[in-house]
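User: I would like to learn how to read the contact surfaces in a model of this kind. Could we go through them one feature at a time?

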Amino acid sequence: MALGGLGFLMFILVALNILAAAASLALFAVAIWVAVDGYKLYAISAVSGKDDIFAAAWIAIFTGFAFFLTCLFGIYAALKRSRNLMLVYLIIMFIIFIFECASAITAATNRDYLVGNSNLVKKQMLQFYTEDSSNGKRITDTWNRVMQEGKCCGADGPTDWLTFDSTYKTNFPKSFPWPENCCEKLSNSEVKNPTSCQTGGQALFKKGCFQHIEWVLSNYTWAVSWYGFAVLMFVFFMLLLAMVYYVQLD
Amino acid sequence: MLAVLFILGTLCPLNNAALDISLLDPQLDDVLTAKFSDGFLLRFPNCTSYGGQDGQVLYQIIKTDEKLSENFTVPNCTSDKQAPRGLLLNKLQNGTLYSVWYKIGEEISLPLNSSTLPVTKFSEINDGLPARSGAMVVITVILALAMAVLLAGLISLIFISG
């Protein structure tokens, strides 16, 4: 290839590496957002042993930053027109590519297990809510917060507490048919209208919480998996171009 | 005249003159449900006729002899929306057919037959993988192909440079 063509290819490669570096940094930031879990729903995935969405986020933190550094190295290798450096760049990028693929696929698969339907979340709630164990405490705290903040009750609705048996009913047989956090509360944490709450009146939150939980976990998944996929597709074509550039170098 | 009064009297026996019993209607009475796994939500007797009076709600499992009762007071008529909508009869067995009736003074309502809700064990909920989503399949297939293409390209490069 003429020197002019090679120079143009080098320019394109440098530009693509700059874009890839920026995109990778964004992946790094988004993965941190997922790992931080601002909605505090980690307990729901951890107790079920299906917390791979967060594991994938941790992988994406490292691969995002690794992509960023390697792209900077790629810019240097392209400007130097060095075959050896380009080969090292390609090998390192390929290794990071594989890890990031694992992260994207893991997040998407794990989401299907967790929130493909409401059964897992519902069963976990019925089993662990008010259970006297470390898992029970985590689930109880999480559900109490979710029900009050989301103004919801149960996974699919308050009837979950009627249709199925539960640890809550076993531990509190004489209490309300559903947890107190299913009802409006005053600022001092007392139920606003205990009679209306107990009989399923206006004080009871009638929508289920699964929609909110599914929305949060899906957002986490799409952040890691779809954005990771987008970065990978961009890097894929950039690496193909880098291979062409490598072949053209003396 | 006496015959007419006699006929009217047989048609309108005193023991169910105005006292009736029913479950609350979730759609009309703004409650979630009138049937629970351990009880019922019963409509109070008419507050105009019985407001302030003490009464009993009697119940028994159908085809058994044991009759149980609980005392209550019929609330006075009120427009307060926070007032109880109905009488909660609980501590019953789940999935069981009961006969329930009111007694206020000498008046007894007709019995109401209703079943409490059956309860399913939560351990029977199937929490396995429901289905693989399209997104997961697409991502997996495309990335697997991309990895294969890159690997093939890298091996070719190493051969060429060798």
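User: How much area is buried between chain A and chain B, and what share of it do carbon and sulfur atoms give?

Analyst: Buried area is the accessible area, taken with a 1.4 Å probe, that two parts lose on being put together, summed over both. In this predicted model, the area buried between chain A and chain B is about 4400 Å², and carbon and sulfur atoms give 75% of that area. On the side of chain A, the residues that lose the most area to chain B are A:Phe94, A:Lys123 and A:Thr199, which together make up 14% of what that side buries.

User: Which salt bridge does the rule find across this interface, and how far apart are its closest N and O atoms?

Analyst: A salt bridge is a side-chain nitrogen of Lys or Arg within 4 Å of a carboxyl oxygen of Asp or Glu. Across the interface of chain A and chain B the rule finds one, formed by A:Lys123 and B:Asp127, with the closest N and O atoms 3.9 Å apart.

User: What area is buried between domain 1 and domain 2 of chain A?

Analyst: The bounds come from an automatic or database domain assignment, which for chain A gives domain 1 as 3-117 + 224-248 and domain 2 as 119-155 + 158-206. The C-alpha centres of these two domains lie 42 Å apart, and their contact (heavy atoms within 4.5 Å) takes 13 residues from domain 1 and 12 residues from domain 2. The area buried between the two domains is about 1000 Å², of which carbon and sulfur atoms give 63%. In domain 1, A:Ile44, A:Val47 and A:Asn117 lose the most area to domain 2, together 51% of what that side buries, while the count of salt bridges between the two domains is zero.

User: What is the mean pLDDT of chain A?

Analyst: The pLDDT is the predictor's confidence in each residue, from 0 to 100; its mean for chain A is 94, with 99% of the residues reaching 70 or more. Local features need pLDDT of at least 70 and side-chain atom pairs count only at 80 or more, whereas totals for chains, interfaces and linings use all residues; side-chain values use heavy atoms, with hydrogens and water left out. Residues are numbered from 1 along each chain as its sequence is written, and chains are lettered from A and ligands numbered from 1 in the order in which they are written.
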